[in-house]
Amino acid sequence: MAKNIEFNGKMYHCTVSLAMDMIGGKWKVVILYYLKDGEKRYSQLRKEMPDITEMTLSLQLKQLEEVGLISRTVYGEKPPMKVIYKLTPFGHTFVPALEAINNWGHTVVREKCEAVD
């Protein structure tokens with residue numbers, strides 16, 4: 001039986017709970033997926049995820065930054081400023097999980113979608 005884990009001032013009953021707190025929700029893993037191959041501007045992320053609202057994207061980016069998975073760099077001092085998001089070294093440790101999720105998604109498409117046809 002696992003012990004409670006304290007991380008960033010919060011208690012978790014297991015490491016899966018901790019991980020899901022960091023990456024859970026509909027969009028966080030998708031954002032990380034689009035950042036895994038390199039930095040992107042906010043507008044690029046919006047184009048890659050047309051179904052996400054601006055408010056949700058902003059909130060999810062802020063939360064991913066707060067837990068240290070991504071970094072945000074602002075260039076310029078007055079509008080229009082250039083804002084770049086990228087994975088941190090800690091964020092890069094999640095890439096193998098992203099690749100596994102992507103591969104599993106392809107398996108679902110192959111097995112489940114072909115069965116429908």
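This is a predicted model: local features need pLDDT of at least 70, side-chain atom pairs count only at pLDDT 80 or more; totals for chains, interfaces and linings use all residues.
Two packed helices are described by the angle between their axes and the distance between the axes. For helix α2, spanning residues 28-35, and helix α4, spanning residues 54-66, the packing angle is about 75 degrees and the axes lie 10 Å apart. Angles of 65 to 115 degrees count as roughly perpendicular, and α2 and α4 are therefore roughly perpendicular to each other. On the α2 side, the contact is formed by Lys-28, Ile-31 and Leu-32; α4 contributes Leu-57, Gln-60, Leu-61, Gln-63 and Leu-64. Classified by residue type, the contact of α2 with α4 comprises five nonpolar, two polar and one charged residues.

Strand β4, residues 70-75, runs antiparallel to β5, and six bridges join the two strands. Within this pairing, Tyr-75 is placed opposite Lys-82 of β5.

The loop between β5 (82-87) and α5 (89-92) contains Thr-88. The relative accessibility of Thr-88 is 13%, and this residue therefore counts as buried, the cut-off being under 20%. When residues up to four places away in sequence are not counted, Thr-88 is in contact with Gly-68, Leu-69, Ile-70 and Ser-71.

Key. Residues are numbered from 1 along each chain as its sequence is written. Side-chain values use heavy atoms; hydrogens and water are left out. Axes are lines fitted to C-alpha atoms, for helices over the stretch in contact, and angles run from 0 to 180 degrees between N-to-C directions. Helices (H or I, at least four residues) and strands (E, at least two) are DSSP runs, numbered from the N terminus. Angles under 35 degrees count as roughly parallel, over 145 as roughly antiparallel, 65 to 115 as roughly perpendicular and the rest as oblique. Contact means heavy atoms within 4.5 Å. Ala, Val, Leu, Ile, Met, Phe, Trp, Tyr, Cys and Pro count as nonpolar, Asp, Glu, Lys and Arg as charged, and the others, Gly among them, as polar. Buried means under 20% relative accessible area, exposed over 50%, partly exposed in between (1.4 Å probe, protein chains only). Two strands pair if DSSP finds at least two bridges between them.
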